[in-house]
Amino acid sequence: MINYRFYPSLLNVFSRYIRGGNLSAQELIDSINRVPTPTTAAQERGISFEEAVVKGTDEDRFDPEVIKKVRKLLPRPIVDTQVYCQWQIDDVLFYGYVDLIGKFKAVDLKTTASYQPGRYVHNHQNLYLHALKRKGIKLMEYVIAEFQPGGQAEVHVESYALTHPIDKQLEEIRLFKAFLEEHRPLITDPKIFVAPGEDADARRKS
């Protein structure tokens, strides 16, 4: 039986919270409840960059060399984009959308102003790999465009195979369930808890 639905960006916020990452319990609850916040310049750039790389939309906003480098790292052929993934972990439905998949690997595009190696070692998006295993996907890859404040741009790659440990993510999911139960009266997002008899499928309804 599925009692919860979690998506990776929310789990990553919780991970930041339990690591003492300058986030209050109220801010975490606001994230859980999807309280609207203004889109930051960094978030807007990330969305625009993905559109530019995958669809060619407004690609002249970015350094053509960076676009070219990133495209060279994408799978050929690209089998699908914005691919829905879900994986049951005990009584949790883990779900989300990965940017694109090839025949053997899934790729998520990232932008940052400052990159540190191993940044995505414990990212909850790594669980997409297990959700996509039945599609033949064996590798989760992050292609990261680092737009440094001085105008320099670099491209980095982090690759994770199915054998990469996910114990930390699974433990954080258990801790997140405990946090939710402790604060249950404050949780207003109807998707987090699955009501008895409700269809647990979390994909976007048209």
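Reader: Why are α1 and α6 called roughly perpendicular to each other?

Author: Happy to walk through it. In this predicted model, α1 and α6 pack at an angle of about 85°. Angles of 65 to 115 degrees count as roughly perpendicular, and therefore α1 and α6 are described that way. Their axes are 10 Å apart.

Reader: How do you know that α1 and α6 are in contact, and which residues make the contact?

Author: Contact means heavy atoms within 4.5 Å. On the α1 side the contact is made by Leu 10, Leu 11, Phe 14, Ser 15, Tyr 17 and Ile 18. From α6 come Glu 172, Ile 173, Leu 175, Phe 176 and Phe 179. By class, these residues divide into nine nonpolar, one polar and one charged.

Reader: Why are α2 and α6 called roughly perpendicular to each other?

Author: Here the axes cross at roughly 95°. The range for the term is 65 to 115 degrees, so α2 and α6 are roughly perpendicular to each other. Their axes come within 12 Å.

Reader: What makes up the contact of α2 with α6, by class of residue?

Author: Ala 25, Leu 28, Ile 29 and Ile 32 in α2 meet Phe 176, Phe 179 and Leu 180 in α6. Ala, Leu, Ile and Phe are among the residues that count as nonpolar, and the division is seven nonpolar, no polar and no charged. Phe 176 and Phe 179 also belong to the α6 side of the contact with α1.

Reader: What about α3 and α4: at what angle do they pack?

Author: Helix α3 (residues 41-55) and helix α4 (residues 64-72) pack at an angle of about 65°, with axes 10 Å apart. That makes α3 roughly perpendicular to α4, because the range is 65 to 115 degrees. Their crossing is right-handed.

Reader: Which residues of α3 and α4 meet?

Author: Phe 49, Ala 52 and Val 53 in α3 meet Val 66, Ile 67, Val 70 and Arg 71 in α4. They divide into six nonpolar, no polar and one charged. Arg counts as charged.

Reader: Now the largest pocket: how many residues line it, and which lie nearest its centre?

Author: The lining has 50 residues, and Ser 9, Leu 10, Val 13, Gln 43 and Lys 110 lie nearest the centre. The volume of this pocket is about 2,200 Å³. Elements giving two or more residues to the lining include α1 (8-18), α2 (25-32) and α6 (167-182). The largest share, seven residues, comes from α1.

Reader: What makes up the lining by class?

Author: The lining of the largest pocket has 17 nonpolar, 18 polar and 15 charged residues.

Note on methods:
Residues are numbered from 1 along each chain as its sequence is written. This is a predicted model: local features need pLDDT of at least 70, side-chain atom pairs count only at pLDDT 80 or more; totals for chains, interfaces and linings use all residues. Side-chain values use heavy atoms; hydrogens and water are left out. Axes are lines fitted to C-alpha atoms, for helices over the stretch in contact, and angles run from 0 to 180 degrees between N-to-C directions. Helices (H or I, at least four residues) and strands (E, at least two) are DSSP runs, numbered from the N terminus. Angles under 35 degrees count as roughly parallel, over 145 as roughly antiparallel, 65 to 115 as roughly perpendicular and the rest as oblique. A crossing is left-handed if the near helix is turned anticlockwise from the far one by less than a right angle, and right-handed if clockwise. On a 1 Å grid over the protein atoms alone, a cavity is a set of points where a 1.4 Å probe fits but cannot get out, and a pocket is an open set with protein on both sides within 12 Å along at least five of seven lines; lining residues have an atom within 4 Å of a point. Grid points are joined across faces, edges and corners, and a volume is the space filled by probe spheres set on the points.
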